[in-house]
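Subject: Structure handover and findings

Hello,

Here is the structure for you to look over. Please open it next to this message and follow along.

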Amino acid sequence: MLSVAKVQRRNAWRYFVRGVAFGDGRRPVGQSLKDAQEEAGLPPGVWMGRGLSGLGLSAGSVVGKRELELLFGELRHPDADRIERERLAGGVTPEAARLATVLVQPVEEVERRDAIPLLGWEFVFRPQASLVVLWALGDDRTRGVIERAHERAIAKVLEWLEDEVAEIRWSSGRDRAKPPGLVVAAFRHFDNRDGFPLLHEHLLILNRAQREDGAWYALDTRRLYRHAVAARTLYTLTMTTEVCEELGLATVPREVTEGLRPVMEIAGVDTELIEWKSTRRERIEDALEVITDEYVKTHGRLPDERARHRLGWWAAQDTRPDKKTPSPLPQLLVWWRASAILRFGKQMVEGLLERCRAAGAVIRARVRPLVDTVLAAVDVAAIVYTVRRGFTRRHVLAEARRHLLETLRGRAFPPGLDDYIADQALARHGRRLTIPQEGRRAPAPDLIRYTADFVEPDPWFIAGTDGKPPRQSTRYERARVASLALQNAIRAARTTLPPAWDEATAATASAAGHTGDPHHDDRAAAGPPHAVDHPGRDTALTPRPAGRAHPRPAGRRRPGPPGSGDAPGVSGGPDNRPGDVDDRPGTPRCPRQTDRRHRSPQTQTRRSGRRPPCTGRRRTPGPGRRTAARPAPPAGARAAPPARPRPDPGCAAVTP
């Protein structure tokens, strides 16, 4: 999990020194930060990032109060006092001596323009609730494994941000460059404001980075914020995978909010223990009910999906308790264990890890560490398109990481598989909307927008339960239906694998459905995978069915229920003319269907970016068409052979 907030006020450093650096408590006035942390038994903040060398700091060193004040309060060098004294001794004016310690631009100059200076970003990382329960009630070894996985996951996210995301800008954003690294201050906390377990880490990212020539410039904070979701999924995937592999555990989906994406929790952790740890949820739900009633009275209708998100945020802010006096971790561990035993009994608390291992062993025996990359690309592309319509690579990458977490259930996977699935989804199913224009700078790769040619299902209404009013299906629910229909159609088009693949007949990453979970049963209903990427294993390919087709009904086609195999874009027949056929191996031939949206091809193309209907001829690639080569598979995966000659040019859903 990850939450993001801006650091904007000039005195924001006081909040972090008095609160965040002191375990979300209030440090006594007049007491030094170091003495207060030692007295309360709290770990001190540490510096992180590859950009520390430009400031004379080192990774792992303790964050001081004066350093925090100068960097996140005034955007000055952390050793500004010494630099200013040396300049004054050299005979320069006080103004020039102070200006020599400023990173880029003084904060006062920004405020004189009636602008609010952005000093940095606060990223707060925390594990899933079940991992927090295991950390709080487990033994020392379990707690050490979870803490090390937490540290490594944060380090991996920070490395990814520095390598792939961070950019500095100058000349009003016209010029950009890649900085060597970021400047980050990290503070670890162990509990929430109610005193219950909540392992989390506050990362303060400075809004300054150094260029290769030594000059300091502001970060492109919009780019950093846009990649927050991809950073969150990378943290969750990395930490969950390491803990499950180290302790022999597995994950299961848990629905937190009706209609939204489930959270992958550790199998075997009781719901009662998760609710015991989540003390604020009941108060938030009570406040949300009151706020929703006021919304209905004001607007005369029920809130839509976006409005429900905003109302939930308001309810969380209204029920936020005041800060407390922090306590040392050994004292908190004793109190948490005693509280859980009094409420649930000694047997439930002491047998928690064994139950998790038993449940994990059952799931890991049924879910093998294999990934069907063809179905993964379809699943990712269909979900992202149905939820967003227009998307960029960061959206696809975040969904690819969610797919690995949901299907592998905590199993390890080859490095780079998430990027490979994202590239496959864009190359096979994405259609580029951003067209480079002559005389203008080419857009950055992360700003290129795509869409797809899937047909999403119509919304439907779901009856309310427990006195709740009926609600409309969410975008995620419609995306799941569209994805399952496409995957089932691809499975139906596959033929039986050769006998040499008998040893892996039941193996697929989507075989998570064999665990009996209703969220995954439909995904693994049609047998073995088509292409499996895994270290040390060859890629299994099915033969191409010659001239196989499915009948196509007249009119607009909608995907059927999960498991029906009735999917849009993968049907065909004698009356279908071949359109834009992709000859790359493993790509389903998806003819678009002519309906009233395509009656005016030129107007439709100009207004929405959609391609005109099929004309029966293959079109040559033009500007904006997908002409890039297929991305190289990650280490351990074997590339598919080139496409074989097709005996029938029909638009059937076929695979090599």
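Below are the findings, grouped by type of contact. Please keep in mind that this is a predicted model.

**Aromatic pairs**

There are 10 aromatic pairs in the structure. One of them is Trp121 with Tyr225: the ring centres are 5.4 Å apart and the planes meet at 25 degrees, so the pair counts as stacked. Planes under 30 degrees apart are what that label requires. Trp121 belongs to strand 3 (residues 120-125) and Tyr225 to helix 9 (residues 221-226), so the pair ties together parts that are 104 residues apart in sequence. Trp121 has 6% relative accessibility and counts as buried. Tyr225 is partly exposed, at 49% relative accessible area.

Another pair is Phe125 with Tyr235. Its geometry is tilted, with 5.2 Å centre to centre and 55 degrees between the planes. Phe125 sits in strand 3 and Tyr235 in helix 10, so this pair ties together parts that are 110 residues apart in sequence. Both Phe125 and Tyr235 are buried. Phe123 joins in as well: ring pairs link Phe123, Phe125 and Tyr235 into a cluster.

**Charges over rings**

Two arginines are worth a look here. The charged end of Arg211 sits over the ring of Trp170, 4.6 Å from the centre of that ring. Arg401 lies over the face of Trp160, with 4.9 Å to the ring centre.

**Salt bridges**

The count comes to 35 salt bridges. Arg50 pairs with Asp163, and their closest N and O atoms are 2.6 Å apart. Arg50 is in the loop between strand 2 (46-48) and helix 3 (65-74), while Asp163 is in helix 8 (residues 140-165), so the pair ties together parts that are 113 residues apart in sequence. Arg50 is partly exposed, with a relative accessible area of 40%. Asp163 is also partly exposed, at 36%.

Arg211 turns up again here. Arg211 forms a salt bridge with Asp213, with 2.4 Å between the closest N and O atoms. Asp213 is exposed, at 53% relative accessible area.

Arg364 and Glu245 meet through their side chains in a salt bridge of 3.3 Å, N to O. This pair links distant parts of the chain: Arg364 is in helix 16 (residues 352-366) and Glu245 in helix 10, 119 residues apart. Buried or exposed, which is Arg364? Arg364 is buried, because its relative accessible area is 15% and the cut-off for buried is under 20%. Glu245 counts as partly exposed, at 35% relative accessibility.

Salt bridges link Glu74, Arg76, Glu84, Arg98 and Glu108.

**Leu249 and its surroundings**

Which residues does Leu249 touch, leaving aside those up to four places away in sequence? The contacts are Leu134, Val243, Cys244, Ile266, Cys356, Arg357, Gly360, Arg364 and Arg409. Leu249 itself lies in the loop between helix 10 (228-247) and strand 10 (251-254). Leu249 is buried, with a relative accessible area of 0%. Leu249 and Leu353 are 104 residues apart in sequence, yet their C-alpha atoms are 9.2 Å apart in space.

**Strands**

Strand 10 has two faces. Thr251 and Pro253 make up the covered face, and Val252 and Arg254 the uncovered one. Strand 10 runs antiparallel to strand 11 (residues 263-266), and 4 bridges join the two. Val252 has Glu265 in strand 11 as its bridge partner.

Strand 4 (residues 168-170) and strand 9 (residues 216-219) pair in the antiparallel sense over 2 bridges. Arg169 stands opposite Ala218 in strand 9.

Best regards

Notes
Residues are numbered from 1 along each chain as its sequence is written. This is a predicted model: local features need pLDDT of at least 70, side-chain atom pairs count only at pLDDT 80 or more; totals for chains, interfaces and linings use all residues. Side-chain values use heavy atoms; hydrogens and water are left out. Buried means under 20% relative accessible area, exposed over 50%, partly exposed in between (1.4 Å probe, protein chains only). Contact means heavy atoms within 4.5 Å. Rings of Phe, Tyr and Trp (its six-membered ring) pair if their centres lie within 6.5 Å; planes under 30 degrees apart count as stacked, over 60 as edge-to-face and the rest as tilted. A charge sits over a ring if NZ of Lys or CZ of Arg is within 6 Å of the ring centre and within 35 degrees of the ring normal. Two strands pair if DSSP finds at least two bridges between them. A salt bridge is a side-chain nitrogen of Lys or Arg within 4 Å of a carboxyl oxygen of Asp or Glu.
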